[in-house]
Amino acid sequence: MSTKEEEEEREEKGKQQSSELDDLPSSLIVILDLNQASWTESTAKGGPTVIEALESLLTFLRAFFMLHGGNTVTIIAAHPYGSEFLYQSPALQRSKAHGHQQSGALEMDEIDHRLHEKIVSLSKSLKSKSSQENSDSSMKCSLLSSAFALAACTVNRISSHKLLRMLPRVLVLTASTELPSQYIPIMNCIFSMQKANVLIDALVVSDGDCSFLQQAADITNGVYLRPELSKVGSSPGALLSWMISVFLGDKHTRFLNADSQSRSTLLRLPQAQDVDYRSSCFKTGQLVDVGFVCSVCLSIFAKCDFFICPTCDSKIALDRPAGAAVNKKRKVAAGAQKGDDTK
Ligand SMILES: [Zn+2]
């Protein structure tokens with residue numbers, strides 16, 4: 001009897017905890033890639049303009065605020081020169097975290113105003129920077145790794161703050177696809193998010209896949225979505241309807257048991273298909289199919305033409321091609337086995 005009572009008590013406690021979690025507000029961290037070149041390229045191929053994407057995002061945020069009175073938003077811009085906060089809900093700001101929370105509906109007017117102001121000033125400063133450097137900044141890719149680091153800091157602050165009880169998650173909106181040089185910092189941020197049990201969703205508005213964001217979404221149980229450019233670009237509300245139908249639900253709406261990282265879903269969301277799990281070379285930044293791995297720090301290299309690991313300065317004893325060494329070892333091992341068998 002005692003065991004049955006204990007089990008019932010546990011079940012009740014579990015139900016109470018899950019209902020508490022169900023009622024928790026969400027904190028959405030939006031990483032907005034403002035790389036002009038990527039958006040221009042995407043628009044040229046039939047996709048939406050950056051303005052249309054921003055309008056869809058703002059309407060999506062309105063819907064997000066309507067889900068829960070305590071929902072908060074952080075918007076981080078990534079550009080070729082770094083990243084910066086465009087907006088953060090008053091409830092998340094250090095000085096106001098103890099005060100009352102502003103309701104989402106009122107907050108939207110503030111977001112509209114602040115985003116417009118910040119993006120105009122940001123585009124001016126980017127233009128002046130690119131003209132000062134006399135280089136074509138449009139050729140550089142956005143520093144998404146820096147934006148991911150800011151998002152990780154925000155997640156850490158939310159989860160370590162006693163008064164901020166909310167579920168953080170990340171949504172990346174980008175038109176860029178190639179970020180090989182930022183592989184290491186991005187993967188570090190992704191693993192820290194995975195440890196913090198934070199979903200990373202990615203909406204890629206491009207005609208090619210972004211393998212790192214595919215990996216990020218797959219590792220953290222988030223959703224990676226790359227809608228067809230022609231379909232999204234042709235009708236004005238298409239991007240918004242994708243965003244609302246795929247990215248609006250929080251973790252407890254998507255999964256039956258959100259804490260156990262189970263894949264049994266309540267919503268039928270797009271599933272990951274053919275995730276490109278290739279790593280990139282730590283020296284050149286290029287994607288690698290088969291490479292050399294440092295036995296000390298696990299750095300990956302496409303070619304091993306050095307004797308000291310560039311990452312950890314460990315000596316590498318490699319005087320012949322790796323394939324030859326392996327073959328010889330196998331032959332030796334096979335010979336030894338034969339010898340054992342004959343004995
Ligand atoms: Zn090393």
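These legends walk through several close-up views of one predicted protein model.

Because the model is predicted, local features are described only at pLDDT of at least 70 and side-chain atom pairs count only at pLDDT 80 or more, while totals for chains, interfaces and linings use all residues. Residues are numbered from 1 along each chain as its sequence is written.

**View 1. The whole chain, for orientation.**
The protein chain has 11 helices and 10 strands; these are DSSP runs numbered from the N terminus, with helices being H or I of at least four residues and strands being E of at least two. Of its 343 residues, 31% are buried. Here, buried says that 20 or more other C-beta atoms lie within 10 Å of a residue's own, exposed that 12 or fewer do, and partly exposed covers what is in between, with C-beta atoms placed from the backbone. Two residues are in contact if their C-beta atoms, placed from the backbone, lie within 7 Å. Among contacts with a separation of 6 or more, 65% join residues 24 or more positions apart.

**View 2. The nonpolar core and its centre of contacts.**
A nonpolar core is a set of buried Ala, Val, Leu, Ile, Met, Phe, Trp, Tyr and Cys residues joined through C-beta atoms within 7 Å. The largest one holds 63 residues, and those touching the most other members are Val 30, Ile 31, Ile 76, Ala 151, Val 170 and Ile 200. Helix α5 (residues 144-160) gives the most to this core, with eight residues. Take a moment to find Val 170: leaving out residues up to four places away in sequence, Val 170 touches Ile 29, Ile 31, Ala 151, Met 193, Val 198, Leu 199, Ile 200 and Asp 201.

**View 3. Helix α5 and its cover.**
The buried residues of α5 include Leu 144, Phe 148, Leu 150, Ala 151, Val 155 and Ile 158. What lies over the buried residues of α5 includes strands β1 (26-33), β2 (72-79), β3 (82-88) and β4 (167-174), along with helix α6.

**View 4. Helix α3 against helix α9.**
Two packed helices are described by the angle between their axes and the distance between the axes. For α3 (residues 50-67) and α9 (residues 238-247), the axes come within 9 Å and cross at roughly 35°. Axes are lines fitted to C-alpha atoms, for helices over the stretch in contact, and angles run from 0 to 180 degrees between N-to-C directions. From α3, Glu 52, Ala 53, Ser 56, Thr 59, Phe 60 and Ala 63 meet Leu 239, Leu 240, Met 243 and Ile 244 of α9. Among the residues buried in α3 are Glu 52, Ala 53, Ser 56 and Phe 60.

**View 5. Two loop residues with positive phi.**
Most residues other than glycine have a negative phi. Asn 197, however, has a positive phi near 65°. Asn 197 sits in the loop between α6 (183-195) and β5 (200-204), and is partly exposed, with 17 other C-beta atoms within 10 Å. Leu 298 also has a positive phi, near 65°. The loop holding Leu 298 runs between β9 (292-293) and β10 (300-301), and Leu 298 counts as exposed because it has 10 C-beta neighbours inside 10 Å.

**View 6. Arg 278 and its surroundings.**
Look for Arg 278 in the loop between α10 (251-254) and β7 (279-280). Arg 278 has 16 C-beta neighbours inside 10 Å, so it counts as partly exposed. Setting aside neighbours within four places in sequence, Arg 278 is in contact with Ser 211, Leu 287, Val 288 and Asp 289. Phe 212 is 66 residues from Arg 278 in sequence, yet their C-alpha atoms are 9.0 Å apart in space.

**View 7. Asp 109 on helix α4.**
Asp 109 belongs to helix α4 (residues 104-133). With 9 other C-beta atoms within 10 Å, Asp 109 is exposed. Asp 109 and Arg 62 are 47 residues apart in sequence and 9.8 Å apart from C-alpha to C-alpha.
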